[in-house]
Amino acid sequence: MNGIHDMGGMDNFGAVLAEENEPVFHADWERQIFSITIAMLPAGYCNIDEIRRITETIPPARYLQAKYYEKWLYTLEKLVLEKDILTEEELASGKNIRQEGGNARPAVPREMIEYAMSNPLPVNLDVDLPAKFQVGDRVLAKNMHPLHHTRIPRYVRGKRGTIEQDHGVFLLPDTNAHGGPDSPQHVYTVRFSSRELWGEDAPRNDSVCIDLFDDYMEALR
Amino acid sequence: MVVCTLCSCYPWAILGLPPNWYKSSPYRARVVRDPRGVLKEFGVEMPEDVEVCVWDSNAELRYLVLPMRPSGSENMNEEELAALVSRDAMIGTAVVSLP
């Protein structure tokens with residue numbers, strides 16, 4: 001959807017501020033929320049596209065003002081309700097009211113953690129599907145504005161680019177974030193010149209490379 | 001330069017977790033549109049004849065920059081060269097230079 005998260009190209013956010021000697025986590029709760037959310041994946045509760053879809057529903061003002069891991073906390077709270085791991089009452093009270101009811105089940109066992117983190121499941125699919133485009137093709141990113149989750153940002157829609165590389169087959173996030181159906185298709189790195197994206201005042205020699213799915217593009221003759 | 005304009009995707013498995021600035025609105029919004037301005041803020045001036053390309057990691061591929069080897073480092077071995085490389089150089093907001 002055309003949410004606040006889709007911020008590539010927006011102006012007036014100010015300088016990029018880097019913190020000196022920044023710790024990985026600023027507080028213990030950040031580490032905990034991060035770990036629990038990540039564990040949802042090998043525990044089989046959800047996929048990464050669903051996690052992103054939920055994060056994108058944070059109301060705009062809250063999204064912009066939140067500290068980074070506050071967005072993760074929002075997402076985790078919504079996720080445990082959506083997947084019936086906790087009820088609203090359990091979430092609010094912090095009490096295990098249903099005694100492991102709903103979809104609650106043991107998460108990743110401690111002895112599995114290191115293995116799970118060092119051997120993430122590949123997300124590219126080992127299938128032989130025809131590609132819609134070839135390297136070198138000129139393409140037009142679609143003028144699509146779905147209300148559902150998508151990974152084509154606004155700043156490339158309607159712009160012309162060139163296929164640089166075919167990365168193989170992946171599940172389209174647009175459906176994978178919403179319970180399917182599975183839509184396996186090719187993903188390509190597509191290069192757009194900066195002038196194509198931002199107008200004639202942009203530097204002549206610069207470009208943006210972005211990964212687009214078959215469904216995000218049309219052929220340019 | 002590498003960014004995730006839509007969220008905060010980053011090559012965790014190789015670089016660890018990203019710095020806060022990488023995940024911030026200013027970086028996510030600005031680097032695809034004005035990479036040279038962002039580089040200036042990081043103290044890097046890129047000549048006009050050098051092509052700057054920003055990679056938006058919006059799908060499941062993850063990217064990092066192989067930093068350019070600095071001139072004057074021809075006699076350095078692998079260990080010495082590795083000591084020169086910084087995390088920021090692998091995101092693309094720093095260049096590698098001799099100490």
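**Rings, strands and one buried serine**

Let's start with a serine. Leaving out residues up to four places away in sequence, B:Ser73 touches B:Leu81 and B:Leu98. Remember that this is a predicted model.

Where does B:Ser73 sit? It is in a loop of chain B, between strand S2 (53-56) and helix H5 (78-84). Is B:Ser73 buried or exposed? Its relative accessibility is 0%. Buried means under 20%, so B:Ser73 counts as buried.

Next, aromatic rings. How many aromatic pairs are there over all chains? The count comes to 17. Take one of them, B:Tyr10 with B:Tyr22. The ring centres are 4.9 Å apart, and the planes meet at 70°. Planes over 60 degrees apart count as edge-to-face, so this pair is edge-to-face. The pair links distant parts of the chain, with its two residues 12 residues apart. B:Tyr10 is in the loop between strand S1 (2-3) and helix H1 (12-15) of chain B. B:Tyr22 belongs to helix H2 (residues 20-23) of chain B. Both tyrosines are buried.

B:Tyr22 also pairs with B:Trp21. That pair is edge-to-face, with 6.5 Å from centre to centre and 70° between the planes. What about burial here? B:Tyr22 has 0% relative accessibility and counts as buried. B:Trp21 has a relative accessible area of 3%, so B:Trp21 is buried.

Now look at chain A. Ring pairs join A:Phe25, A:Phe34, A:Tyr68, A:Tyr69 and A:Trp72 with B:Trp12 in a cluster. Some rings have a lysine over the face. A:Lys71 lies over A:Tyr63, 4.0 Å from the ring centre. A:Lys78 lies over the face of A:Tyr74, at 4.9 Å from the ring centre.

Last topic: the sheet. Which strands make it up? It is an open sheet of seven strands, in the order S5(A)-S1(A)-S2(A)-S3(A)-S4(A)-S2(B)-S1(B). The pairing is mixed. Which are the edge strands? They are strand S5 (217-219) of chain A and S1 of chain B, and each pairs on one side only.

S5(A) pairs with strand S1 (residues 138-141) of chain A. The sense is antiparallel, over three bridges. Find A:Val139, and opposite it in S5(A) stands A:Ala219.

Key: Residues numbered from 1 in each chain as written. Chains lettered and ligands numbered in written order. Predicted model: local features only at pLDDT ≥ 70, side-chain atom pairs only at ≥ 80, totals over all residues. Heavy atoms only, no water. Phe/Tyr/Trp six-rings, centres within 6.5 Å; stacked < 30°, edge-to-face > 60°. Helix = DSSP H or I, 4+ residues; strand = E, 2+ residues; numbered from the N terminus. Buried < 20%, exposed > 50% of the residue type's maximum accessible area, 1.4 Å probe, protein only. Lys NZ or Arg CZ within 6 Å of the ring centre and 35° of its normal. Pairing = 2+ DSSP bridges. Contact = heavy atoms within 4.5 Å.
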